[in-house]
Amino acid sequence: MDVGADEDRVVSAPEPNAHDLEAELAWFAAVVNTRFNLYFGSEPAVQSVFDVQPPDLGRANSPYARFVREHDLTFAERVALVMALVPHVMPQLLDVFFTKNSTFDRRFTEFGGTGDNGQPFVPTGETLAFVLAGADLEARFAVQSLFTEDHLFARNDVLRLERGLHGDASLRSPLVLSDEHVALFTTGGARRPHFGADFPARRITTDLTWDDLVLHPSTRRQVEEIETWLSHGDTLMNEWGMAAKLRPGHRALFYGPPGTGKTMTSCLLGKYTDRDVYKVDLSLVVSKFIGETEKNLSRIFDQAQHRGWILFFDEADALFGKRTETRDAHDRYANQEVSFLLQRIETFDGIAILASNKRDNLDEAFTRRFEAVVYFPMPRPEERRRLWEQAFSPKSELAPTVDLPAIAAEHVLSGGSIMNIVRFASLETLKAGTNVIPDEVLQRGIRREFAKDGAHS
């Protein structure tokens, strides 16, 4: 069963944003110029930055224009959006904020921002507050409402203030426009996040189909229930008005022996409901340092929020294991992290699938909150026979002495183990210069697979 990791890439759309952005950037430059004139006592053409009329995008068909119309953005929201976009498309528009205060021979503190010594200016919340409010404290406080959790920027993962080391954010923090919206407003396409420390999860895909996956009938029925949610959950929550009564998203626990189809099932759920599946790399998430695990996982949930992704946590015991008795500060922080993860996974509006070899290894607080708990047992003889029969390449042949029904009945193997054996036997056959797989090579592969765990068939 081939589960592949798909490279992150940009999928471009032909619709240009350039024309509309040029008009929007010219308007933004006029707004900034007006604020500077007002602040330094010059005589601007208007008496308020809010008198600088933004371009009319009512008939424009670019993704940027559609976004502005669909969300009915206010003046302040448009300024915030374009300010966060400027570093990605025309950073020189922000060079004016490098203006120095001659009295102190340094930049004006009230301008906010970061960057100097040849580095481009990066606007912060303070920069936005200065442009929109100047020295008006009441107006400055109003700017903070753009970054509350219930604002459309946060709800749709569009724009945020960068979190600090301890997960906090303030107007001193840089403005961060999501990668997805940077791509949408420039190339018109959708950009998938790059795997790494900032996003420790990798997109996984498969070329196989549901027919290739052999599951116990009861397991298959439960998986079909999850697929139903993925296909019709949005309708249930929004059109049927159940969002006020049901939690967002869906949580599922897949548990059972290794190689029984947990990862493959997750990939197929994504494939057949047109959703990206990201496998979380726990080696990059779990940290021995207090608070770091929580911070690492926050990066994943922040980017996955509102995108309908499936997050797959393999060997989830390492992350969602049972809370321990509190004996020292480390135990206390570890338990706090589990509580934090429980909260994040409950409010996550996508789909979270946790995989574990044993259900008992997970904290009960998690398992009680799953919408689905699905057991993946070792395949029965009839299921093992199907796995064997469909495992080989159509270009290979089995020697007449190979008795697949007997092999399936005699050897208790998972689907993953069967594929390991088929891989080994096929390669040995190719090395011998033939396409006929002999029984003795197949039997050697079986013994080899059992020897991995010191087990016997």
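Leucine 132 counts as buried, at 6% relative accessibility; buried means under 20% relative accessible area, exposed over 50%, and partly exposed in between, with a 1.4 Å probe and protein chains only. Leucine 132 sits in helix H4. Helices (H or I, at least four residues) and strands (E, at least two) are DSSP runs, numbered from the N terminus. Leaving out residues up to four places away in sequence, leucine 132 touches Arg35, Val49, Phe50, Phe75, Ala76, Val79 and Val143. Contact here means heavy atoms within 4.5 Å.

Residues are numbered from 1 along each chain as its sequence is written, and side-chain values use heavy atoms, with hydrogens and water left out.

Now the whole chain. The protein chain holds 18 helices and 15 strands. Of its 457 residues, 46% are buried. Take the contacts between residues at least 6 apart in sequence: 71% of them join residues at least 24 apart.

How confident is the prediction? The predictor's confidence in each residue is its pLDDT, from 0 to 100. The protein chain averages a pLDDT of 86, and 87% of the residues score at least 70. Confidence is highest in strand E15 (residues 436-437), at 97, and lowest in strand E2 (residues 10-11), at a mean of 42. Over residues 7-14 the pLDDT is below 50. Beyond near neighbours in sequence, that stretch still has 19 contacts in the model. Where pLDDT is low, the predicted coordinates should not be read in detail.

Back to H4 and its partner H3. The axes of H3 and H4 come within 11 Å and cross at roughly 140°. H3 is therefore oblique to H4. Axes are lines fitted to C-alpha atoms, for helices over the stretch in contact, and angles run from 0 to 180 degrees between N-to-C directions. Angles under 35 degrees count as roughly parallel, over 145 as roughly antiparallel, 65 to 115 as roughly perpendicular, and the rest as oblique. The crossing of H3 and H4 is right-handed. A crossing is right-handed if the near helix is turned clockwise from the far one by less than a right angle, and left-handed if anticlockwise. On the H3 side, the meeting residues are Phe75, Ala76, Val79, Ala80 and Met83. H4 answers with Thr127, Leu128, Val131 and Leu132.

Next, the nonpolar cores. A nonpolar core is a set of buried Ala, Val, Leu, Ile, Met, Phe, Trp, Tyr and Cys residues joined through side-chain atoms within 4.5 Å. The largest has 49 residues, and Leu81, Phe97, Leu128 and Phe147 have the most contacts inside it. Elements giving two or more residues to this core include helix H1 (18-39), helix H3 (75-89), helix H4 (125-133) and strand E5 (159-161). H3 gives the most, with ten residues. Phenylalanine 147 touches Leu128, Leu159, Arg160, Leu161, Leu171 and Leu175, not counting residues up to four places away in sequence. A second, separate core of 26 residues includes Tyr255, Val280, Phe313 and Phe370.

Helix H15 (residues 381-389) packs against H17 at an angle of about 35°, with the axes 10 Å apart. This crossing is also right-handed. Arg384, Leu387 and Trp388 in H15 meet Gly415, Ile418, Ile421 and Val422 in H17. Helix H17 (residues 415-431) also holds threonine 429, which is buried at a relative accessible area of 4%. Leaving aside neighbours within four places in sequence, threonine 429 is in contact with Thr434, Asn435, Val436, Ile437 and Pro438.

Finally, some backbone and strand details. Asparagine 101 lies in strand E3 and is buried, at 16% relative accessibility. Asparagine 101 touches Arg106, Arg107 and Phe108, not counting residues up to four places away in sequence. Aspartate 105 is found in the loop between strand E3 (100-101) and strand E4 (106-107). Is aspartate 105 buried or exposed? At 56% relative accessibility, aspartate 105 is exposed. Its phi is near 55°, a positive value in a residue other than glycine. Most residues other than glycine have a negative phi. Glutamate 315 has a positive phi too, near 50°. Glutamate 315 lies in the loop between strand E11 (310-313) and helix H12 (317-320), and is exposed at 54%.

Methods: This is a predicted model: local features need pLDDT of at least 70, side-chain atom pairs count only at pLDDT 80 or more; totals for chains, interfaces and linings use all residues.
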